[in-house]
Amino acid sequence: MSTGRREDDRPVDEAVDQAWRAASGEEPGPRLDAAILAAARAEAERVRGVATGRHGKAARPGPPRVRDWWTSWQPLAAVATVAGLAFILVQTIPRERDVAPPITVERAQPEASQAPAAGESRDAEAGPPAFEARRATEGPTSFTPELPAPATARTAPPASAPSSIPAPAPAESSATAPVADTAESVATSPSRNRPAAAAQADVAAETDRALGESQRARKSAEAPRTAEDWAARIEELLQAGDREAAAEELRAFRAVYADADAYLPEGRRDWAATVD
Amino acid sequence: MSATGISGTDEADEALMLAYARGDAASFERLYARHKGPTYRYLLRHTTDRAVADELHQDVWMKVVKARERYAPEARFTTWLYTLARHRLVDHWRSRRGARFTSLDDETDRDSRGTDDHAGSEALTAGDDPLASTIGAQDGQRLVAALAGVPGPQRDAFLLHVEAGLSLEEIAGLAGVPAETIKSRLRYAYRKLRAALEDLQ
């Protein structure tokens, strides 16, 4: 019998150890051994393959590198996307020619300006040209007031207006009258009974006036809609040397904005004071 | 680094493992030949089922294969190997829902306190004990059965000591408990097995 302690003070019982080793001798089966060793060999082979590939690429060239589909087409797709966005952007930017009214509408202006002239008050006549022009181009249904409400609507005569005032055509309907109606109205005007030369002269005068109105209307239609834009436009005209056009713009500006002069640069206010 | 005494060769386990990490399959074969029996029996004694032991054994060694690149010989290869085996055992028990979880570290396991109460006794004897020489195959089975009745932590300490050949400190480091605790566990396991051995007579 020996004591049950070793050098590291570990309790042992050698009899038990011996008996245990005699009794416990199981080993994993050969199939299990083979499976584990096969896996280990395969892994070792892979490690060697990687090492060989790392150091000896020339000896074992890999398969030709095939570029990914997306990698190949990526630059082209990017270019196409940019081009598409640029096209859309260009299409959405408003241009001046899109804002200008067509000539057919301009020719309708004499009728539009003549008919209300009979029934509209002075306020209506003094209404901002921009408003009138837009009314002529857009018609009553599509008009959305952005500027102060025009006097036309407020001063339109009621149905029970005095009979001394000629029956006015509704401003909206006259403004949207087609060209054929304009011609007809000209033809059926009082000048119809005059001599032909005088009638032609009247028609010519009417036409000139209508053209002038329409040009003003077009300019006004092109006019800026905010006070700042308006002031900038006046400044632009002044810098271009077109003082007359600038004065006209200022008048129109004042018609819409009572404090139009305040929007002008300080250096232009002296000039604005000269514009009546 | 330490050379293993299991196979009697001079080359250390750690050197063989590093050689295998570089792609030397023969090193792994030698390593496996050294440790396959002890690891298998360690798992078998804890599970008492050959099929389960086969599965766990394969898993543990496949982990060794997969982890070869991460292996760093900071500790003995044996310690690392049985750490993997213990973790696999714990995973196995946890995965078996409804089965009794056999803790390898829980000191409150049955009968363990009684062991500590007698930790200071010098009851363990060995050497030319006739019990060891007279044990037969059938008696060996009863000894193995007796170990199955030993609580998990004590059984684990005994197996790591007898099968893996780990020192007290190594077992303590692996189990995460003080060396004195491992010593108590070992005493308890030996006492139980000694009693079983005496019953065989």
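Me: Why is A:Val47 called partly exposed?

Reply: A:Val47 has 18 other C-beta atoms within 10 Å. A residue is buried if 20 or more other C-beta atoms lie within 10 Å of its own, exposed if 12 or fewer, and partly exposed in between, with C-beta atoms placed from the backbone. The count of 18 therefore makes A:Val47 partly exposed. Before we go on: this is a predicted model, where local features need pLDDT of at least 70 and side-chain atom pairs count only at pLDDT 80 or more, while totals for chains, interfaces and linings use all residues. Residues are numbered from 1 along each chain as its sequence is written, with chains lettered from A and ligands numbered from 1 in the order in which they are written.

Me: Where is A:Val47 found, and which residues is A:Val47 in contact with, leaving aside its neighbours within four places in sequence?

Reply: A:Val47 is in helix H2 (residues 30–55) of chain A; helices (H or I, at least four residues) and strands (E, at least two) are DSSP runs, numbered from the N terminus. With those neighbours set aside, A:Val47 is in contact with B:Arg22 and B:Gly23, where contact means C-beta atoms, placed from the backbone, within 7 Å.

Me: What is the phi of B:Gly23?

Reply: B:Gly23 follows H1(B) and has a positive phi, near 110 degrees.

Me: How do you know that the buried residues of H1(B) are on the same side?

Reply: In helix H1 (residues 13–21) of chain B, the buried residues are B:Asp13, B:Glu14, B:Leu16, B:Met17 and B:Tyr20. They cover an arc of only 160 degrees around the axis, so they sit on the same side of H1(B). The arc is that of the directions from the helix axis to the C-beta atoms. As background, an α-helix has 3.6 residues a turn, so residues three or four places apart point the same way.

Me: What puts the buried residues of H9(B) on the same side, and what covers them?

Reply: The buried residues in helix H9 (residues 168–175) of chain B are B:Leu168, B:Glu170, B:Ile171 and B:Leu174. Their arc around the axis is only 165 degrees, so they are on the same side of H9(B). Their cover includes helix H4 (77–95), helix H8 (152–162) and helix H10 (179–199) of chain B.

Me: How do you know that the largest nonpolar core lies between domain 1 and domain 2 of chain B?

Reply: A nonpolar core is a set of buried Ala, Val, Leu, Ile, Met, Phe, Trp, Tyr and Cys residues joined through C-beta atoms within 7 Å. The largest one has 51 residues, and B:Leu43 and B:Tyr82 are among those with the most contacts inside it. H10(B) gives the most to this core, with eight residues. Domain 1 (13–95) and domain 2 (112–199) of chain B both give residues to this core, so it lies between them; the bounds come from an automatic or database domain assignment.

How values were computed: Two residues are in contact if their C-beta atoms, placed from the backbone, lie within 7 Å.
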